[in-house]
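Subject: Structure handover

Hello,

Here is the structure I said I would pass on. Please open it and keep it beside this message while you read the notes below.

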Amino acid sequence: MTTLRALGRDDLPAVAAVHRAAFPRMVVSRIGAEAVRRYYESLLSGSYETAGLGAFQGGQLAGFCFVGVRHWSEGAFVRAHAAFIVWRLLASPRLWVDPVVLRRLELGLRLLFTRPPQTRETEAGNCETEPPSYGIQLIAVEPGWQGAGVGRRLMEAGEAHARQRGSARIELSVEPSNVRAVGFYERLGWRKLAAGGEWNGLMEKSLR
Ligand SMILES: CC(C)(COP(=O)(O)OP(=O)(O)OC[C@H]1O[C@@H](n2cnc3c(N)ncnc32)[C@H](O)[C@@H]1OP(=O)(O)O)[C@@H](O)C(=O)NCCC(=O)NCCS
């Protein structure tokens with residue numbers, strides 16, 4: 001049976017383990033478990049009104065969803081942990097020759113040295129326009145539990161949280177090539193938001 005509860009800082013090592021299993025190619029996953037843990041810690045401790053929701057199976061974290069203000073979290077994370085990230089990269093020379101890592105490093109440097117602009121690029125490579133919206137920041141289900149209804153439970157809980165906060169709609173960003181996640185969101189009633197041109201991964205759902 002799946003049980004849901006709010007996540008706290010003590011849960012973040014388990015969150016990092018699920019994140020790395022669900023997003024093995026993400027740069028922060030490859031930097032290491034401590035980098036991922038710090039990423040979620042920065043979400044919880046920043047001014048993002050973030051709530052972490054965990055789905056547990058037999059006491060083990062099977063998946064999580066973070067809901068909050070979807071704004072500039074990568075920038076805050078990079079600024080707060082620049083020294084740690086550089087140290088981890090120096091300790092892992094194999095990461096330096098990876099083109100995906102190099103692109104993320106370029107974005108990281110931009111986030112480090114620029115103030116929040118009118119639009120910003122997320123780790124997924126999408127652009128978001130101010131004002132900041134409230135919505136799903138991240139969702140991941142441990143691969144062994146995917147396809148078993150855990151993601152639906154987490155999204156419903158995230159939407160209920162946003163509704164309680166008074167939001168009439170919520171947003172999320174997805175990498176457009178992540179067709180599995182896009183299909184999952186559409187199945188749950190989300191729709192693609194296109195501002196003309198190519199769709200950049202922004203989706204929304206009305207909570208009315
Ligand atoms: C995307 C993800 C969160 C979905 O979670 P999940 O637990 O596997 O999904 P569920 O089993 O709860 O599926 C919920 C519903 O979506 C449907 N669904 C799932 N994937 C689908 C797809 N690709 N296309 C259409 N429907 C889909 C399911 O059939 C189910 O429908 P039903 O409840 O009406 O029977 C999970 O696969 C995951 O963690 N993926 C890796 C990380 C990731 O990509 N996160 C999103 C980043 S933006």
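C65 has I139 in β6 as its bridge partner. This pair belongs to the join between β3 and β6, which run antiparallel and are linked by 7 bridges. Another place to look along the two strands is V67, which stands opposite I136 in β6. Please note that this is a predicted model, and the notes that follow should be read with that in mind.

How much of β3 and β6 is buried? For β6 the count is 8 of 8 residues, so this strand is largely enclosed by the rest of the structure. β3 is mostly covered, with 7 of its 10 residues buried.

The nonpolar core

The largest nonpolar core has 42 residues. Those with the most contacts inside it are V15, Y39, Y40, F64, C65, I139 and L154. β6 supplies the largest share of this core, 6 residues. As background, nonpolar side chains tend to be buried together in soluble globular proteins.

Helix α1

Which residues of α1 are buried? In this helix, which covers residues 12-22, they are L12, V15, A16, V18 and H19. They lie on the same side of α1, because they cover an arc of only 165° around the axis.

Leaving aside neighbours within four places in sequence, L12 is in contact with R37, Y40 and E41. Under the same exclusion, Y40 is in contact with L12, V15 and A16. L12 and V36 are 24 residues apart in sequence, and their C-alpha atoms are 8.6 Å apart in space.

Two further residues

E49 is found in the loop between α3 and β2 (51-57). It has a positive phi of about 50° although it is not a glycine. Most residues other than glycine have a negative phi. E49 counts as partly exposed because it has 13 C-beta neighbours inside 10 Å.

V78 is found in helix α4, residues 73-80. It is buried, with 21 other C-beta atoms within 10 Å. V78 and L107 are 29 residues apart along the chain, and their C-alpha atoms are separated by 9.8 Å.

The ligand

There are 19 residues around the ligand, and Q146, G151, R152, G183 and R187 come nearest. The elements that give two or more residues to this shell are β6 (134-141), α7 (150-165) and α8 (179-187). α8 gives the most, with 5 residues. By class, the shell has 10 nonpolar, 6 polar and 3 charged residues. β6 therefore comes up in two places: it gives two or more residues to the shell around the ligand, and 8 of its 8 residues are buried.

The chain as a whole

The secondary structure of the protein chain comes to 8 helices and 9 strands. The chain has 208 residues, of which 34% count as buried. Among contacts between residues at least 6 apart in sequence, 70% join residues at least 24 apart.

Regards

Conventions:
Residues numbered from 1 in each chain as written. Predicted model: local features only at pLDDT ≥ 70, side-chain atom pairs only at ≥ 80, totals over all residues. Near = placed C-beta within 6 Å. Helix = DSSP H or I, 4+ residues; strand = E, 2+ residues; numbered from the N terminus. Nonpolar A, V, L, I, M, F, W, Y, C, P; charged D, E, K, R; others polar. Buried ≥ 20, exposed ≤ 12 C-beta atoms within 10 Å, placed from the backbone. Arc of directions from axis to C-beta. Contact = placed C-beta atoms within 7 Å. Core = buried A, V, L, I, M, F, W, Y, C linked by C-beta atoms within 7 Å. Pairing = 2+ DSSP bridges.
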